[in-house]
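Let's take a walk through this structure together, one piece at a time. Keep the viewer open and turn the model as you read.

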Amino acid sequence: MQITSAEFVKSAFAETDWPGDHKPEIAFLGRSNVGKSSLINSLLGVRGLARTSSTPGRTQSLNFFLINRKFRLVDFPGYGYARAPKTVKALWGAAAENYLAKRAHLVLSIHIVDSRHEPSKQDLQLHEWLVHQQKPYLIIATKSDKLSNNELRKNIASIERGLKVDRVLTYSATTKRGRNEVWSAIEKSLKS
Ligand code: GTP
Ligand code: MG
């Protein structure tokens, strides 16, 4: 995909703040610090558009980015941050569930997991929601640059078994491995 424009639209803490028009949206979901915002930046080739941090819990609201004036990428806050206040933790589930259930023009949910780890309990829970919603989703295992090819192969197989899926894409925001595959999936979802 040729990126002609990528702009930050808004940060939404409540449903009333979600953009009102019906442009297609692609959501980026996953645990805190897994690399959601980095994935968005590396896809767009724009450093720092989505704010990243080595401190978990950086993204706290839904952040909407408008691409080519045609569709939006939605950066979600991460779940599973142990030190987050209980109210924030409860809010994540509610906000995500609400968005996933209601957003009619959500065309693809991208669930990002860490290629180094087994899916967590909350990863499994999110995956169940996505399956339950019967809307298109894609699972990406990121930070693949931190593993040898051998470890990576083993881990991807284990993540696929854990989530009971036959395809998990390998990604790295550092090397941009997997970038073309992710764009193909996004393009396909925009056409359907
Ligand atoms: P929250 O918004 O807090 O939920 O985090 P996030 O999922 O948006 O993660 P973020 O993109 O902020 O990245 C977290 C940390 O992981 C940062 O220090 C990134 O530089 C690092 N990181 C993200 N992706 C990769 C990757 O593919 N490879 C490596 N080596 N580091 C990565
Ligand atoms: Mg983030």
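How many strands form the open sheet, and in what order do they come? Keep in mind as you look that this is a predicted model. The open sheet is formed by seven strands, which follow the order 1-3-4-2-5-6-7, and their pairing is mixed. At the edges you will find strand 1 (6–12) and strand 7 (169–170). Each of these has a single partner strand, so one side of each is left without a neighbour in the sheet.

Start with strand 3, residues 62–67. On one side, strand 3 runs antiparallel to strand 1, and six bridges join the two. To find your place here, look for Lys10, whose bridge partner in strand 3 is Phe64. Strand 3 is also antiparallel to strand 4 (residues 71–75), this time with five bridges. Phe65 is a handy landmark for that pairing, with Leu73 as its bridge partner in strand 4. Strand 3 and strand 4 make a hairpin with three residues between them. In the turn sits Asn68, which has a positive phi of about 50°.

Is strand 3 buried or exposed? Six of its six residues are buried, so strand 3 is largely enclosed by the rest of the structure. Both of its faces are covered. Leu62, Phe64 and Leu66 are buried on one side, and Asn63, Phe65 and Ile67 are buried on the other.

Now move along to strand 5 (106–114). Strand 5 pairs with strand 6 (residues 137–142) in the parallel sense, over six bridges. Within this pairing, Ile110 stands opposite Leu138 of strand 6. Helix 3 (residues 121–133) packs on the sheet here, touching strand 2 (25–30), strand 5 and strand 6. The direction of helix 3 makes about 160° with that of strand 5. Helix 4 (residues 149–163) lies across strand 5, strand 6 and strand 7, and runs at about 145° to strand 6.

Arg103 is found in the loop between helix 2 (86–102) and strand 5. Is this arginine, Arg103, buried or exposed? With a relative accessible area of 7%, Arg103 counts as buried, because the cut-off for that is under 20%. Leaving aside residues up to four places away in sequence, Arg103 touches Trp18, Pro19, Glu25, Phe64, Arg72 and Lys135.

Another loop to visit is the one between strand 4 and helix 2, where Gly78 is found. Gly78 is partly exposed, at 22% relative accessibility. Gly78 and Arg31 are 47 residues apart in sequence, yet their C-alpha atoms are 4.5 Å apart in space.

Helix 1 is the next stop, with Ile40 as a guide. Ile40 is buried, with a relative accessible area of 0%. Not counting residues up to four places away in sequence, Ile40 touches Phe28, Ala50, Leu73 and Asp75.

Finally, turn to the spaces between the atoms. Rolling a probe the size of a water molecule over the atoms shows where empty space is left. The largest pocket has a volume of about 630 Å³. Of the 31 residues that line this pocket, the closest to its centre are Ser37, Ser38, Leu39, Thr52 and Ala173. Helix 1 (residues 36–44) gives the largest share of the lining, six residues. By class, the pocket lining has five nonpolar, 18 polar and eight charged residues.

How many cavities of 30 Å³ or more does a search of the whole structure find? There is one. The largest cavity holds about 40 Å³ of space. Its lining consists of Leu100, Leu106, Ser109, Leu130, Gln133, Lys135 and Pro136. Strand 5 and helix 3 each supply at least two residues of that lining. By class, the cavity lining has four nonpolar, two polar and one charged residues. Lys135, in this lining, is also among the residues that Arg103 touches.

Technical notes: Residues are numbered from 1 along each chain as its sequence is written. Chains are lettered from A and ligands numbered from 1 in the order in which they are written. This is a predicted model: local features need pLDDT of at least 70, side-chain atom pairs count only at pLDDT 80 or more; totals for chains, interfaces and linings use all residues. Side-chain values use heavy atoms; hydrogens and water are left out. Helices (H or I, at least four residues) and strands (E, at least two) are DSSP runs, numbered from the N terminus. Buried means under 20% relative accessible area, exposed over 50%, partly exposed in between (1.4 Å probe, protein chains only). Contact means heavy atoms within 4.5 Å. Two strands pair if DSSP finds at least two bridges between them. Axes are lines fitted to C-alpha atoms, for helices over the stretch in contact, and angles run from 0 to 180 degrees between N-to-C directions. On a 1 Å grid over the protein atoms alone, a cavity is a set of points where a 1.4 Å probe fits but cannot get out, and a pocket is an open set with protein on both sides within 12 Å along at least five of seven lines; lining residues have an atom within 4 Å of a point. Grid points are joined across faces, edges and corners, and a volume is the space filled by probe spheres set on the points. Ala, Val, Leu, Ile, Met, Phe, Trp, Tyr, Cys and Pro count as nonpolar, Asp, Glu, Lys and Arg as charged, and the others, Gly among them, as polar.
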